[in-house]
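Dear colleague,

I am handing over the structure below, and my notes on it follow. Please read them alongside the coordinates.

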Amino acid sequence: MKLKQILLASIASLLLLAGPAPAVTLLSGIIGDTTLTETGNPHFVTGNVTINGAATWTVGAGVVFKFYDGVGISTGTFFNLIVNGTAAKPVIFTSIHDDSAGGDDNKNGSASSPYPGAWTTITFGVNARVSLKHGQFRYGASGTSLNAYLYLSSPDTSVIESCLF
């Protein structure tokens, strides 16, 4: 019994020393209304994401999206995206291989490097309303267009300010 108590106390001490596990968010499949914050960083896009209907995504300053290879986001009609990055804390959309944003999240050191076209695109449906402020779009592409990260079906309903592509 005493050995069991010592063992449990040792495990508890190790857990306290290690600190809390980092918060992460996994995104995949069909997703509705969502608010994403820096607290959930990094936000891993592990599979293709489809957002149907008139859902709204609100993204706070400092959020980092890390896309797995070959995946992207597509939205339905009347989707609303509000990205509220700042100059000091931009919202970053990048590859899982990009260690410069959020760290070495694939835990392979320098064994992989980000490359154009690692993830695909963010495609907005007709009448989608997009407000992007201080966003950075890295290493996404589609087909032969290695500089395309966003497809806007209704660019007249979009505001893009201080973004890097």
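In which strand is the place of S95? S95 sits in strand β8, strands being DSSP runs of E with at least two residues, numbered from the N terminus. This is a predicted model, in which local features need pLDDT of at least 70 and side-chain atom pairs count only at pLDDT 80 or more, while totals for chains, interfaces and linings use all residues. Residues are numbered from 1 along each chain as its sequence is written, and side-chain values use heavy atoms, with hydrogens and water left out.

S95 is buried, its relative accessible area being 0% (buried means under 20%, exposed over 50% and partly exposed in between, with a 1.4 Å probe and protein chains only). Beyond its neighbours within four places in sequence, S95 is in contact (heavy atoms within 4.5 Å) with K66, F67, P114, A118, W119, R138 and Y139.

Strand β5 runs parallel to β8 (residues 91-95), joined by 4 bridges, and F65 has F93 as its bridge partner in β8; two strands pair if DSSP finds at least two bridges between them. Strand β5 also pairs in the parallel sense with β3 (residues 43-51), over 3 bridges, and there F44 stands opposite K66.

T46, which lies in β3, is partly exposed, with a relative accessible area of 32%. T46 touches L26, L27, S28, Y68 and V71, not counting residues up to four places away in sequence.

Best regards
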